[in-house]
Amino acid sequence: MRTQRRIVDYSLQRRALLREFYAGRVGTYEVCDASPYLKNAARFHGEPTEVRCPVCRRENVTLVHYIYGDELKQSAGQARKRAELPVLAMTLREFQVYVVEVCRGCDWNHLVEQYVLGRDGLAVEEGGDGAVSASAAAGAAGATKRRHEAGR
Ligand SMILES: [Zn+2]
């Protein structure tokens, strides 16, 4: 998504927890504790994936997108379909998205990532990218020139 920024990836934490689980140091009841609310959200707003549940290995996990932010008012904390997010990102300045994976078979659940969406990201993103590539190009040109001079 174009305005996606400040991405925090939780795959390391997920892997660490699963390692503990496979080693038998963490029980199934500790990792398979999806609440009825989360399961409902997965059922009505979830995005199916091709990723096998790492715990039961019978079902694919479903991704649930939760949105937070002052601009959302009473919608803050609700789950939304992924397809609804780009529309919100164009109408709101800034809101947080938390992506949670859930297995509807065994109730495994874990935070996958969080990020910020919203119109505020557009100007910042475009200006920042331009500045970086311009200075990188200048640096590369300088390096080529110096190499030529050294060769002579
Ligand atoms: Zn499962």
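These questions and answers walk through a predicted model, reading its helix, strands and backbone angles. Residues are numbered from 1 along each chain as its sequence is written. Because the model is predicted, local features need pLDDT of at least 70 and side-chain atom pairs count only at pLDDT 80 or more, while totals for chains, interfaces and linings use all residues.

Q: How far apart are the end C-alpha atoms of helix α1 (residues 11-22)?
A: Helices are DSSP runs of H or I with at least four residues, strands are runs of E with at least two, and both are numbered from the N terminus. The expected span of a helix is 1.5 Å times one less than its number of residues, so the twelve residues of α1 should span 16 Å. The end C-alpha atoms agree with this, being apart by 16 Å.

Q: Is Arg-6 buried or exposed?
A: A residue is buried if 20 or more other C-beta atoms lie within 10 Å of its own, exposed if 12 or fewer, and partly exposed in between, with C-beta atoms placed from the backbone. Arg-6, which lies in strand β1 (residues 5-9), has 11 C-beta neighbours inside 10 Å, and therefore it counts as exposed.

Q: Which residue in β6 is the bridge partner of Arg-5?
A: Two strands pair if DSSP finds at least two bridges between them. Strands β1 and β6 (residues 109-117) run antiparallel and are joined by three bridges. In β6, the bridge partner of Arg-5 is Val-116.
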